Every structure is written in structure tokens, then in C-alpha cells.
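Please open the structure in the viewer and keep the sequence beside it.

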Amino acid sequence: MRARAEELLCILHRDREAHDGLMACDRYIKGDHDDPYMPKDATKEYKLLAKRSVTNLVPLVIATPAQGLYVDGVRTSDPESDENAQEWAAWQRSGMDKRQGSLYRGAFGYGHSFVLTEAVEDNPRQGRMRVLSPLRTAVGYDDPVNDDAPLAAIHVKRWPRHVKRDDKESEQEGIARYWDEVDEYEVRFKSFSDITSVTRVGPHGNSECPVERFAPHVDLDGRTTGLVGPLIPLQDRINQTVFDLLVAQTFGSFKVRYVTGMEPSYVLDPETGEPKLDDNGQPIEKPVRAHLTRFMMAESPDSQFGELGETPLDGYISAIDMGIRHLAAIEQIPPHHLLGQVANLSAEALNAAETALARKIEEFQHSFGESWERVFRLVGELEGNAAQAGDFGLEVVWRDMGAQSLAQTSDALGKLHQLLGVPQEGLWRRVPGVTPRELEEWRDLRAAQPDVALANGNRRATAPRETPAEPEGLSGDVIPPQPSTLEVPAA
């Protein structure tokens with residue numbers, strides 16, 4: 001056990017400190033990018049422009065797919081049940097409605113993130129979920145591609161550090177939590193390869209390691225890849241282009257006027273009439289003030305006036321747009337999300353641009369959905385619900401985060417009911433933004449009014465109406481309208 005814990009700590013250290021590892025991704029997420037190329041003898045002005053040239057697109061690349069993922073419920077494999085599974089209470093108890101977004105952003109940013117299933121301290125028969133940081137957590141698999149459950153996992157609660165007390169420095173050990181298939185341990189260590197003690201805490205309550213990995217991409221060698229690592233070279237290229245633009249804008253984006261063959265005017269001493277001298281003994285020249293209301297004149301016929309044109313910036317701007325478009329193509333993000341150009345785009349064009357992103361989000365839903373289903377099975381086992389613990393037909397319900405209008409969706413659902421005969425209640429969950437609680441409320445309202453149905457947005461009675469009898473001798477004829485007031489005969 002000690003050897004496996006030390007191995008996991010070394011894996012965590014390797015993943016953190018690699019050239020394009022977790023800490024490099026963390027720097028770019030926070031906006032701490034590598035400096036663009038500049039001369040070795042660059043001045044403070046160049047360094048300031050390099051600092052301002054950082055155009056951090058990484059958070060937007062992470063947030064775009066993360067905002068399309070939202071778990072609304074979990075259904076059991078029972079086809080007759082349309083309610084959330086019993087263990088959905090653990091989701092609410094853990095506050096996962098607000099924490100799931102951080103979980104997805106961590107997985108996209110670093111390549112993986114983790115969820116721990118554990119018992120509530122006050123009630124061991126109730127489970128809860130805890131999100132673990134990928135910068136502090138590592139898991140080990142026998143087969144990282146095909147195994148659902150890891151053999152063991154470790155999470156660092158506190159890093160080793162030097163503590164200064166009473167003018168004395170002491171070394172404070174790091175503390176980590178370690179889980180295998182049965183028990184939980186407390187691990188104390190001085191470094192990643194120096195474990196000082198291992199203490200058994202007790203059984204964690206599950207039959208397998210209670211930590212689940214959420215990874216957007218896993219290759220056939222078990223390596224996880226996020227969205228930030230492959231993006232770093234392209235982000236550096238965009239920053240370099242922005243830096244070149246700022247340099248050209250600062251030093252060459254304005255016209256330069258010059259004059260040759262004209263002697264300068266000097267500042268004269270009012271007492272002597274002689275030119276004043278500076279600290280180096282040179283005459284002090286009067287500054288030439290160029291203004292729209294002034295004319296520049298020279299007495300010498302050899303004087304010449306000229307102008308140097310400014311550096312055009314259109315090429316730099318086009319290069320920046322090209323880099324952002326390349327980024328959008330690689331990350332399958334609609335370009336208007338990054339460029340902000342949505343003018344003159346029809347609804348069909350916007351839907352076509354969103355297609356690649358929708359497919360990408362659907363892929364993530366498949367991957368993360370399997371991870372959530374294992375988490376709910378672990379909660380069921382922890383709470384003694386054998387049916388849920390062995391239910392491999394669990395299905396996570398994802399909220400529809402698309403941009404379809406309610407009017408278009410309602411029209412489509414109405415046609416499904418009228419033309420294809422799909423029951424109304426079977427279409428309720430396809431209404432954008434509807435929650436499981438609202439669905440239950442709708443069912444209660446339907447049960448309270450069994451003789452009333454919704455059709456085309458109007459409430460009408462389902463019982464057949466009685467057709468009024470037609471007047472005798474007028475079958476098939478049109479009955480003329482009757483006057484609404486009595487006619488008074490003329491006197």
C-alpha cells in the first residue's frame with residue numbers, strides 16, 4: 001500500500017511539472033503566458049507592450065462547452081418510472097447544481113477532474129459527493145482504458161512547507177487522503193518520494209475505490225487530454241501578433257514630418273541676447289511647434305519639408321483574426337463566439353455554425369454521463385440500495401442548453417402530437433428549460449383535471465360536443481345571421 005501511494009504521488013508530481021503539464025495549463029488559464037519574442041536589449045517600453053499583448057482566449061475556450069453541460073436528473077432503468085432515482089437526494093445534498101460547472105471546467109482545462117463519494121459525517125447511511133482538484137489528485141488503474149474503477153486514488157490536502165515560528169524554521173509535513181478498494185488511509189510525506197507515515201482511517205463503505213475520473217478525451221494508452229494543452233502554441237502565436245501590432249501602433253502608426261536645410265532657433269538670454277547654454281555647454285534650441293493653425297517657414301532657400309507615412313495596421317489586424325479563426329476551427333467553436341461578429345447572419349447560418357459545437361458537447365455528455373452513472377451507483381451502494389448499486393441502466397438527464405426559440409419548439413412539438421400521434425405527456429420533457437419539479441407539477445395538474453387536455457395552446461373539453469339540430473327544410477343551407485336587437489316598426 002505504501003509503495004502504491006508513493007507511486008501515485010510521483011505520478012501527480014510528473015503530471016504537474018511536465019513541460020505542457022498541469023501547472024503549464026494552470027498558468028495559461030490564469031493569463032500568465034510566455035512572453036513573445038523581443039530583442040535581448042529590449043527596453044522597458046517593449047516589456048510593457050509584451051505584458052499588454054496577452055490576449056487570453058483560454059477561459060473562453062473552456063467556458064463555451066462547459067456552459068452547454070448541465071445535469072438535470074438521473075433516471076433508473078425502470079421504463080415505467082419517469083422520476084429521479086432515489087440517490088438524486090445525494091446530488092442535492094452535495095450542492096452539485098453549482099459545483100458541476102467547476103468540475104467540467106477543471107476537466108476541460110487540465111484533462112481530468114474527480115468526484116469522491118463518501119458518507120455524511122453525522123449519518124453514515126447517507127452519501128454525498130465531493131469535487132476534487134486535478135492539481136491535487138491522482139488515480140491508478142490496472143487498465144486505464146477499459147477499467148471503470150481505479151485501483152487506488154490519492155488527494156493532497158496540504159503540501160509540505162517550511163513554517164517560521166519564533167524566529168525558527170521548521171519543516172511541516174504534507175497530508176494526503178488515500179483510498180484503495182476497501183479502506184481509506186491518511187498519508188504524511190515530506191516530498192513526493194518520501195512518505196513518513198501511513199495511518200488506516202477505516203473502511204470507506206464501497207466495494208471499489210470511491211473516486212471517479214471525469215475526462216473529456218482518453219486515448220488508447222490511457223492518457224487524458226484537455227482543451228488547453230494543445231492550444232498553448234496557437235495562443236502564443238496570437239500573443240506574438242498582438243505584440244507586433246502594439247509595437248507598430250506605438251512607434252510607427254503616426255506620420256512623421258521633417259525639415260532639412262533650416263537652422264534651428266535658439267533660446268536667447270534677455271540680458272545679453274546670446275543663446276542660453278545647457279549643462280553640456282550646447283545652445284538650447286527652441287522646440288518646433290507644429291499645429292493646424294501654424295505655418296512652418298524657413299529663410300534659407302535650401303530648406304525642404306517632407307513627411308514619412310505611417311505604418312499600416314490592417315495586416316496585423318487580419319493576422320490576429322486569422323489566428324483566432326484557426327483557434328475556433330481547432331476547438332470546434334463557432335467563430336462569432338470569439339470574434340463577436342454576428343451581424344447579417346441568418347438563423348440557418350447560425351445553426352450551421354453551432355453544429356460542430358453541438359456535436360462536441362454531445363460527445364462530452366456521453367463521456368461525463370458514464371462517469372456520473374458510476375457515481376450514483378457508488379452512492380446507492382453506500383446507502384444500502386442494492387437495486388441502484390447494480391443498476392447499469394441508469395441514465396443521466398442533460399438539460400437542453402440550445403438556442404432554439406420557445407415558439408419554434410412549441411410548433412414542432414405540436415406537430416409531433418397532431419401528425420404523428422405522440423402523446424402530449426411524452427413531449428413535455430422536450431420543452432426548453434423545463435425542470436423535473438415542473439414536470440411533476442404538470443402531472444399533478446393533469447391528474448387533478450383528467451377531462452381537460454392541451455391542444456394548440458388552448459384548453460378544451462375532450463368529451464364530444466352535441467351538434468345542434470338543424471331547422472327542418474334547411475339541411476345544407478346557410479342560415480342567415482339574426483339581428484342582435486329588436487327591430488321597431490316605423491310609425
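The stops below concern a helix and several salt bridges.

This is a predicted model, in which local features need pLDDT of at least 70, side-chain atom pairs count only at pLDDT 80 or more, and totals for chains, interfaces and linings use all residues. Residues are numbered from 1 along each chain as its sequence is written, and side-chain values use heavy atoms, with hydrogens and water left out.

**Helix α6.** Select residues 96-110, which form helix α6; helices (H or I, at least four residues) and strands (E, at least two) are DSSP runs, numbered from the N terminus. Helix α6 has 15 residues and reaches 20 Å from its first C-alpha to its last. Its buried residues include Met96, Leu103 and Phe108; buried means under 20% relative accessible area, exposed over 50%, and partly exposed in between (1.4 Å probe, protein chains only).

**Salt bridges.** Select Arg128 and Glu118, which form a salt bridge with the closest N and O atoms 3.1 Å apart; the term means a side-chain nitrogen of Lys or Arg within 4 Å of a carboxyl oxygen of Asp or Glu. Arg128 lies in strand β3 and Glu118 in strand β2, so the pair ties together parts that are 10 residues apart in sequence. Arg128 is partly exposed at 22%, whereas Glu118 is buried at 11%.

Then select Lys255 and Glu310, whose salt bridge has its closest N and O atoms 3.0 Å apart. This pair links distant parts of the chain, 55 residues apart.

Conventions:
Expected span 1.5 Å × (residues − 1).
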